[in-house]
Amino acid sequence: MTELVVTSLSASYGLAVALTDVSITLRKGETVGLLGRNGAGKTTLLKAIINSTELSSTGEVTAGGKSIRKASTFKVARSGVAWVPDNRRIVAALSVAENLDLAKSKRASKDQLDRVLANIPLVETLLKRRGFELSGGEQQAVTIARALMGAPDFLLLDEPTEGLAPLIVEQLQASIARLPDLFDLGVLITEQNFCFVTELADRVYILETGQAVWNGTSDELIGRPDLIDRHLSVGEKL
Amino acid sequence: MTLLSTLISGVAYGVPLFLVASGLTLIYGVIGVLNFAHGSFFVVGALLVTTIIGSTVPTVPTFIIAVLAGAAVVAAVGMLTETTVVRHLYRRDHITMLLATFAILLIVEGAAEGIWGNSSRAINKPEILSGSTQILGTTIPLYDILLVFVGAVVAIGLFLLINKSTFGRSVRAIAQDQVMGEAVGLNTKRVMLLVFGLGSALAGLAGALIAPNVSVSPSLGHAFILQSFAIVIIGGLGSVTGSLVAALLVGVSEAFAVAYATYLTGFTFYILVAVILLVRPRGLLGSAKLGRA
């Protein structure tokens, strides 16, 4: 089975250590959630997986059995690991069609655009509009569609609900839930939104101060209020 | 001089400035580097053409080959510079980059002096381009018409390259966000290398084209690079179209000053820079990053 395997991954921004000895796995066809408070290392973990030049890292990352730890970020993308960053980063000066075209890959079949548009129909209505004309929800749909254009095996979504209205979050959740089956890929989501993740994810990892402190199924986590109190909420302090 | 001949003379004067400035602004818009060495690349293009043509009166094909060879060699020099020096400084501050490109300027100028010496060189135009023609009763030098034609071809070519090609799409994406560009599978290092090479080639092309009209020496670039930086400021940092408009504005203003207000000769571009900085500090079409060219 094709897996994204992260083994003993540590990462730092200069002298500041942000991730320590984290190991996770993501299989094609499943959705895995990463939960944790602000600064727990969720975004850093995704950046370390794609080998962002912002940080230095040690450990091992393999996709489909091949090491991608030392590959440039663009080679990681071409090997089938797509990243959708938290602030979306759509190219404002380009049209939506041009944004999608940027991520076209040799991995993808010729009808990949049709597949993407058929499954994220909102994007088809936006093709001629420029990035700066889109709302937050539209931008999020476009960045997910753009990531899918490369026919990835694994999709890394960094806080996809950030700054979105509740109604759009519901629609986004339904859309993400369909992705593993429709595109035969694994989805790794980082989120602050507990319900969003536990409703979508088959399995969940909790990160705290750069370490993976717990993992299990969403149902197991929901049944463990002590874990939620200890690692995810601010208890009675608020 | 008639109005028409002044206008064409101004446009022809503006074309080499546009070529140098568009290279500067393209490199800044995509890579964020204000390349001080650009003026020395311009000179190398001019000096190479003087070597290839020598004291002969070249045929048109020989002249075209010499000009293209000058641009190509300068593109290679630019790409070598990007690979060996500039690439390693992308994450440093602007001052470090300015100092590094200034050092490259001194090294290239020193090397040019070592190879070609300090004396001025002049070359002939192809015979067919040495004369003039009559347009609407006005005498226009044929070489000026060639410069206007080349400027138009380069301007249209750059517009199509940046706005209509896959490469241009990658360039505009990387100009906005390199990290995102990498994340969607774009080889940003290669794109930036090619942009640096293209910008340098434009400087080399400008030097090669202007060589028959001036005395070529290793210090030729000083005046030109100053005016080119002024054009980048007037047009707006990062805007190729802005550079075109600004170069034409500077060229035509200077030509009209020469024809009708000689006391302003040499000062028109200073006046334009001052006015633009007062009225529109980001330049005519500037956005500080390459969006729509």
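Buried means under 20% relative accessible area, exposed means over 50%, and partly exposed lies in between (1.4 Å probe, protein chains only). This is a predicted model, where local features need pLDDT of at least 70 and side-chain atom pairs count only at pLDDT 80 or more, while totals for chains, interfaces and linings use all residues. Residues are numbered from 1 along each chain as its sequence is written, chains are lettered from A and ligands numbered from 1 in the order in which they are written, and side-chain values use heavy atoms, with hydrogens and water left out.

**Exercise 1. Work out which residues of helix 4 of chain A are buried, and what covers them.**

Step 1: run through residues 112–119. The buried ones are Gln112(A), Val116(A), Leu117(A) and Asn119(A).

Step 2: look for the cover, using contact (heavy atoms within 4.5 Å). It includes helix 3, helix 5 (121–124), helix 6 (136–148) and helix 7 (166–183) of chain A.

**Exercise 2. Describe the interface of chain B and chain A.**

Step 1: count the residues. Chain B puts in 18 residues and chain A 20 residues.

Step 2: get the buried area, meaning the accessible area (1.4 Å probe) that two parts lose on being put together, summed over both. Here that's about 1,800 Å², with 55% of it on carbon and sulfur atoms.

Step 3: list the salt bridges (a side-chain nitrogen of Lys or Arg within 4 Å of a carboxyl oxygen of Asp or Glu). The rule finds 3 across this interface. One of them pairs Asp101(A) with Arg169(B), whose closest N and O atoms are 2.3 Å apart.

Step 4: sort chain B's side by element. Helix 6 (166–176) and helix 7 (178–183) of chain B each give two or more residues. Helix 6 of chain B gives the most, with 5 residues.

Definitions and conventions
Helix = DSSP H or I, 4+ residues; strand = E, 2+ residues; numbered from the N terminus.
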